[in-house]
Amino acid sequence: MSGRRRPRAQKKRAGKPRTLRTRLVVASVTLIAVVCAVIGTVTTVALQSHLYDQLKGKVTETAIRAVGRPQGSPEDGPGGPANPNGKASTSTTPSTSSTSSGSDDSVPVQTPAGRVNKLLTNGLTQEKTVAAYVKKGAIASASYSQQVTDSSGAFKKMNAVGLNTAQKQALASVSKDGNTHAVTIPGLGDYLVKYAKSPDTTNEGYYVALPTADVDNTVNTLILVELSVTAAGLVAAGIAGYVLVGIATRPLRRVASTATRVSELPLHTGEVTLNERVPESETDPHTEVGQVGAALNRMLDHVHGALHARQQSEMRVRQFVADASHELRTPLASIRGYAELTRRGREQTGPDTKHALGRIESEAGRMTLLVEDLLLLARLDAGRPLQFDQTDLIPLVVDTISDSRAAGMDHNWRLDLPDEPALVSADAARIQQVLINLLGNARKHTPPGTTITARVQRRGPWMCVDVEDNGQGIPPDLLPHVFERFARGDSARSRSTGSTGLGLAIVQAVATAHGGAVTVDSVPGRTVFTVHLPALAPAVPAPAPETNWQSHSQAQHSATTWVQQGA
């Protein structure tokens, strides 16, 4: 398994529904709300227009009663439109009409106030109807009707109440064009007002006004009802839509669940039997979800076949490498033995022959090391069981760094060990080989005078072994590949001896086989390889923050390559 960088966590998008179910419900409720708003607006406008037309008709009827003739257009003459007989209208004005029982008898009918009172108190007059008698362009008298009830609350009569100066001024501001106008009369509210000319003279007329409060209250009530019904409908539609969409998308969630389970399988190992499939009930080709389920099953069949073929191919390659490495050990040993025997023999040989024999012996030794490394990797890949036992890492580190110091006297070697034993369950021989590879790697690829430190430290559930040097560091482009087989840093790190390029790959394979991991963190002037092994002793409650072995420091332009079993 090759070293990989941890993927960065993706930021969640804010402000948008997360699931298809939520998006569908929100879209449906929004569409219903728009439709209800359009219907409510059209209904309200239509009803308001109809009610105001009716009110305008009532204002016109009241104006007819006031002047005693039908009201024509503003362009009609003072005598009004001609009747069908070709004669002028001879309707009687309120001034010549008889007084009904509902009028105020104390006011003479011929006076301006009497004319207004007669109009407001006689007939079917709406409460708060305003009437004003205009003579010579000025309001001579103005009043509004007020209902009077008896002790039982029943209608008794209609009284006329005079308008004050401010109310008269508001009424007088209306144009005398014969059309209906809206005006606000102080203390009374909004009104529709119309001016009607007297048929007998051009300098007399009436202002007639009806309140719009009833119409406005009706429209407001309609708006309130529409809002209440719309809100209740949207809530009901949201609940029903959420349930129905949930039922409709249930097969899709099953397909997604199957895909999720497949994504959680360790497919990168190649040793997986892919049995996850979408149920047959969710693969109906006549439905969209069924088509997705059937396509996913076909894809899983292809992936399963590809994984099986890859596993078979890898097994054949591993077996070939193991067989070849095993078979090459004996010929290589023979070559080294014969070369050494010839070089040390009593027979005289020339310098060129000695040099050739030395090169044969040297290359045979290097070939032997390569074969041994390949054979070890093949056994680890094949899952050969290790000899696990309770092991203290401190003696292994001490022995290994002592051997490395003897081989590299031109380096500075340091130990940082804890006071208590560092117990792990491990194969001691393999762990020692890991330490040899890491210390040898640090010695070979750093210049003389470099300080190399071996550190053992407990970090949470892990027992960690650090091999740190203050050399020139690993180039960032090489860092993600340092644990790959035959990876070399020749162009970046100086070395005095050859290397097979398999040392770090063996370190990674051994650490993974122990259920641990190996990491590297490198910046110029500091390179740290850390082996993480599961500790046997209880974990320390509060590990130091800088010991987090999964840290990735970009601020220092460093990179961390990490491998964990099953990752």
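Let's start with Arg455: at 19% relative accessibility, this residue counts as buried, because the cut-off for buried is under 20%. Keep in mind that we are looking at a predicted model.

What does Arg455 pair with? The side chain of Arg455 meets that of Asp416 in a salt bridge, 3.2 Å from N to O. Asp416 sits in strand S8 and Arg455 in strand S10, so this pair links distant parts of the chain, 39 residues apart. Asp416 is partly exposed, at 35% relative accessibility.

Next, please find Glu468 and Arg526. These two also form a salt bridge, with the closest N and O atoms 3.4 Å apart. Glu468 lies in strand S11 and Arg526 in strand S13, so the pair ties together parts that are 58 residues apart in sequence. Glu468 counts as buried, at 18%, while Arg526 is partly exposed, at 36%. Salt bridges with shared partners join Asp416, Arg455, Arg459, Asp466, Glu468 and Arg526 into one network.

Now over to the helices. The axes of H4 and H5 come within 4 Å and cross at roughly 50°, which makes H4 oblique to H5. Gly246, Ile247 and Ala248 of H4 make the contact with Arg250, Pro251 and Arg253 of H5.

Where pLDDT is low, the predicted coordinates should not be read in detail.

Definitions and conventions. Residues numbered from 1 in each chain as written. Predicted model: local features only at pLDDT ≥ 70, side-chain atom pairs only at ≥ 80, totals over all residues. Heavy atoms only, no water. Axes fitted to C-alpha atoms, helices over the stretch in contact; angles between N-to-C directions. Helix = DSSP H or I, 4+ residues; strand = E, 2+ residues; numbered from the N terminus. Parallel < 35°, antiparallel > 145°, perpendicular 65-115°, else oblique. Contact = heavy atoms within 4.5 Å. Salt bridge = Lys/Arg side-chain N within 4 Å of Asp/Glu carboxyl O. Buried < 20%, exposed > 50% of the residue type's maximum accessible area, 1.4 Å probe, protein only.
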